[in-house]
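Biologist: Walk me through this one, please. I would like to know what stands behind each label.

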Amino acid sequence: MTRVATSKSEKREILRRRLDFEFNPAAVPRDWYAGDLHLTLFWDGLSLLFPKGEQFFVNSVKHFTKPRNGTSRITDPELLDQVAGFIGQESMHGKEHRAFNEMLLEHGLDSAPRLEAEVAALLNRAQRKLPPIVQLAVTCALEHFTAILGEQLLETDRHRAAIHESVRDLWVWHALEESEHKSVAFDVFRAVGGSYPIRVGTMLVTSVIFVVVASEVHIRLSYRAGELFKPRRWLSNLNFFWGKPGLFRKLLMPYLDYFRPGFHPSDRDTTELLEEWDERLFGEEGTLLGVLKGTYDASGELVGAPAG
Ligand SMILES: [Fe+2]
Ligand SMILES: [Fe+2]
């Protein structure tokens, strides 16, 4: 039996929240991020990657929970509970981003289904060809991306304010849960003997592929939207991400931290940040109580019913 190493901060219970957002294409502007269609298309592109990508994450982690020769690969009950929470959260993200992506279709992003199908084909190929431990390392790498992007969104008022209020809660809720479960795939990777060279080697390759895929999706969406041949837009967005305010520039050090041999996602303690946002979204005055259908623990028991 392999036991997971204890992370530096105490493990948080990962709850599964069942939500049901409704996106009205008429109420959501096409340029819902900062009133800037070009920038918005970048985030739209990310949303198109989520449902298939998150299914890949779930499969790669699930693989190590399946009984093999009568035994599970991971047996630590606490970690298994966290895996159940992780799977529940990622599945719900997939469902809600599919709803968001359907709205994008109504907004005229008619190339979205084709892009999603191409991403699905790429991920299916990765699932067929890569050893399970490398698939898990890919998940750890991309979970690091979503964790640092998510924490940046929770921490940066200006970034959140740029998102139109009709879709802001989707992105903030997703950010909160990415931060809540940021250690799960990593802990499974360590528990099943994942090595440092596999972890960082996979991160390097995954980073390149991710940047290429996200850029290609952005370029193709921009082309269809008539935004491709606008050099000024590209320059101002380059400045937005890498200059001022420099969203990606500010993530460079947190990204590089992953390459430290002793790195663990919980090294960055976000307990207070998560408590604050759990309260703001799901507390007594929570902004998401209206779309929350129930909160469940790892065993599937309802631990929080929707208000009213
Ligand atoms: Fe997610
Ligand atoms: Fe995640």
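**A covered helix**

Modeller: Start with α7, which is mostly covered: seven of its eight residues are buried. This is a predicted model, in which local features need pLDDT of at least 70 and side-chain atom pairs count only at pLDDT 80 or more, while totals for chains, interfaces and linings use all residues. Residues are numbered from 1 along each chain as its sequence is written, and chains are lettered from A and ligands numbered from 1 in the order in which they are written.

Biologist: Which residues of α7 are buried?

Modeller: Val-184, Ala-185, Phe-186, Asp-187, Val-188, Phe-189 and Arg-190. Their cover includes α1, α2, α4 and α8. After α7 comes Gly-193, with a positive phi near 90°.

Biologist: Why is Phe-189 called buried?

Modeller: Count C-beta atoms, placed from the backbone, within 10 Å of the residue's own: 20 or more others is buried, 12 or fewer is exposed, and in between is partly exposed. Phe-189 has 24, so Phe-189 is buried.

Biologist: What does Phe-189 touch?

Modeller: Leaving out residues up to four places away in sequence, Phe-189 touches Leu-136, Ala-137, Cys-140, Gly-194 and Arg-199. Touching, or contact, means that C-beta atoms placed from the backbone lie within 7 Å. By the same exclusion, Ala-185 touches Phe-57, Val-61, Leu-136, Thr-139, Cys-140 and Glu-143.

Biologist: How do α4 and α7 cross?

Modeller: The axes of α4 (132–155) and α7 come within 8 Å and cross at roughly 145°. Axes are lines fitted to C-alpha atoms, for helices over the stretch in contact, and angles run from 0 to 180 degrees between N-to-C directions. This crossing is left-handed; that term means the near helix is turned anticlockwise from the far one by less than a right angle, and right-handed means clockwise.

Biologist: Which residues make the contact of α4 and α7?

Modeller: Leu-136, Ala-137, Thr-139, Cys-140 and Glu-143 of α4, with Ala-185, Phe-186, Val-188 and Phe-189 of α7. By class, seven are nonpolar, one is polar and one is charged. Nonpolar covers Ala, Val, Leu, Ile, Met, Phe, Trp, Tyr, Cys and Pro; charged covers Asp, Glu, Lys and Arg; the others, Gly among them, are polar.

Biologist: What makes α4 and α6 oblique to each other?

Modeller: Their axes come within 8 Å and cross at roughly 125°. Under 35 degrees counts as roughly parallel, over 145 as roughly antiparallel, 65 to 115 as roughly perpendicular, and the rest as oblique. At roughly 125°, α4 and α6 are therefore oblique. The crossing is left-handed.

Biologist: Why is α1 called roughly parallel to α3?

Modeller: The axes of α1 (37–62) and α3 (112–129) come within 8 Å and cross at roughly 20°. That angle is under 35 degrees, so α1 is roughly parallel to α3. This crossing is right-handed. Among the meeting residues are Leu-48 and Phe-56 in α1, and Leu-115 and Val-119 in α3. The contact divides into eight nonpolar, three polar and two charged residues.

Biologist: What makes a nonpolar core?

Modeller: A set of buried Ala, Val, Leu, Ile, Met, Phe, Trp, Tyr and Cys residues, joined through C-beta atoms within 7 Å. The largest one has 54 residues, of which Val-61, Leu-136, Ala-185 and Val-188 touch the most other members. Two or more residues come from each of α1, α2, α3, α4, α6, α7 and α8. The largest share, 12 residues, is from α4.

Key:
Helix = DSSP H or I, 4+ residues; strand = E, 2+ residues; numbered from the N terminus. Contact = placed C-beta atoms within 7 Å.
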